[in-house]
Amino acid sequence: MVDLLPEQSQCWQKVESIALEHFSRAGLKEIRTPIIEQTELFARGIGENTDVVGKEMYNFNDRGGRSCTLRPEGTASVARSIVQHGLLNNGPQRLWYKGPMFRYERPQAGRQRQFHQIGVEFVGLASVMSDAEVISIAWDFLKDVGLNDLTLEINSLGSNEDRSVFKKELQDWLNKRFDLLDEDSQKRINFNPLRILDSKINSTKELLSEAPSLKDFLSNKSKTRFDYLQEMLAKLKIPFRINNNLVRGLDYYSHTAFEITSDQLGSQATVCGGGRYDGLISELGGTQTPSIGWAIGMERLIILAGDKLLQTKSPDVYVIHRGEKAEQLALEITCQLRSSNLTIELDYSGSSFSKQFKRADKSKAKWALVIGEDEASKGHLLMKKLRDKQHDEDSKEYIFSKVDLDQLIKKLID
Ligand code: ATP
Ligand code: MG
């Protein structure tokens, strides 16, 4: 688990503000759920046989003896909240969330035990149009953050019926080749055979190139649906690649599954993962409710965005002061200017004027406000332009009265 230091959090704030802007324009509302949930929510909502529930969750008993879990992802909590509060009585819900998630994994670049996701959920919408819009929100957002070289991979997992026929067929095929599989895949045959398709082990990958393919088990209806999605993405000019082995780790997906990846992330290539989860809300006690969503890993996004996000905001004014009276006036004026939406940095060094001026220059402030004992006793403020000195030779210094701050503010905003 890692700290986010001040310089990094600036990048995070930038990404979060771009996200908020995109989500607001798409008419999404934010939902905030607790970080701790009952373990059972994830066992039911993600699936006992997934890596997340089986190996990665932080579970503990609280003082009341209840099994609790630090949330490993956001979708199950959002679905629980929607059911618990009957939000679907008001119609489909188009929501977003962000926050820390916890998984006990092997930490490496782009993989942490506490990490952060931003996610979107469309709950109560079945149309292919909603699949396309959900994907387009992720795509446009990532582009706007400045990420290029992204690849969108899509697949159809078909309906539950399509998948159960396929699952049986795949299990038979795998059992016949049991000895050729890696150990992890051998364990998965009975519980989560689809996940084997996603294996990163080379020998297993090779073997699987001959395996039955889910696409051959899709009903005509599922196929038409998938074709239509491709047509819509093409209309939106979102490039995509079909990846028939893309199954996603969680149990509740059906039909559309997708990932957005980047070559620049090494083995942690996926920055965004999502898909349709028509079975989740009913699994959690609600009525059958078609839904689709995605989650973006913030850490991976920030790695990809790199320097593009670094932009230090310099203050409008740096307040220089010397002496006790000056100090009081400096603080008073600082607070007043801050209330006028200006960005202020107040000097704390107490050093000589020349040293304070050096600090002011370093802060890249546009203006310095200078208050010495003389100014303080007269109630005057001396304002000096710090930037563009050569262009502005004759308008470098201004004196204002402390009771006439409006004039000063007007000059600052000019
Ligand atoms: P992976 O295959 O990389 O483990 P996943 O399928 O477990 O990913 P999801 O549950 O779909 O991931 O989560 C969506 C996104 O959250 C991922 O694409 C990734 O960007 C991010 N993510 C998941 N686990 C971690 C982690 N431990 N550390 C950092 N980011 C993560
Ligand atoms: Mg994972």
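## Cysteines

Cys272 counts as buried because its relative accessibility is 0%, whereas Cys335, at 30%, counts as partly exposed. Here buried means under 20% relative accessible area and exposed over 50%, with partly exposed in between (1.4 Å probe, protein chains only). The number of disulfides comes to zero, a disulfide being a pair of cysteine sulfur atoms within 2.5 Å.

## Basis of the model

This is a predicted model, in which local features need pLDDT of at least 70 and side-chain atom pairs count only at pLDDT 80 or more, while totals for chains, interfaces and linings use all residues. Residues are numbered from 1 along each chain as its sequence is written, chains are lettered from A and ligands numbered from 1 in the order in which they are written, and side-chain values use heavy atoms, with hydrogens and water left out.

## Domains

The domain assignment gives domain 1 (6–158 + 218–309) and domain 2 (317–413); such bounds come from an automatic or database domain assignment. Taken over C-alpha atoms, the centres of domain 1 and domain 2 are 48 Å apart.

## Strands 2, 3 and 4

Strand 4 (residues 67–70) pairs with strand 2 (residues 36–38) in the antiparallel sense over three bridges, and Ile36 stands opposite Leu70. Strand 3 also runs antiparallel to strand 4, joined by four bridges, with Asn59 opposite Thr69. Pairing requires that DSSP find at least two bridges between two strands. Strands (E, at least two residues) and helices (H or I, at least four) are DSSP runs, numbered from the N terminus. Five residues lie between the strands in the hairpin of strand 3 and strand 4, where Gly65 takes a positive phi near 80°.

Phe60 belongs to strand 3 (residues 58–61) and counts as partly exposed because its relative accessibility is 33%. Together with Ile35 and Ile36, Phe60 forms a nonpolar surface patch with about 230 Å² of accessible area. Accessible areas come from the Shrake-Rupley method with a 1.4 Å probe, and for residues only the protein chains shown count as cover. Patches consist of residues with over 30% relative accessible area and no salt bridge, with nonpolar side chains (Val, Leu, Ile, Met, Phe, Trp, Tyr) joined within 5 Å and like charges within 9 Å.

## Salt bridges

The structure holds 19 salt bridges, each defined by a side-chain nitrogen of Lys or Arg within 4 Å of a carboxyl oxygen of Asp or Glu. One of them joins Arg80 and Glu37 (2.7 Å, N to O). This pair links distant parts of the chain, with Arg80 in helix 4 (residues 75–84) and Glu37 in strand 2, 43 residues apart. Arg80 is buried at 18% relative accessible area, and Glu37 is buried at 7%.

Lys366 and Asp316 also meet in a salt bridge (2.8 Å, N to O). Lys366 lies in the loop between helix 14 and strand 14, and Asp316, 50 residues apart, in the loop between helix 12 (298–305) and strand 12 (317–321). Lys366 is partly exposed at 38%, whereas Asp316 is buried at 15%. A network of salt bridges links Asp131, Arg225, Arg276 and Asp278.

## Strands 15 and 16

Strand 15 (residues 380–385) and strand 16 run antiparallel and are joined by five bridges, with Met383 opposite Tyr398.
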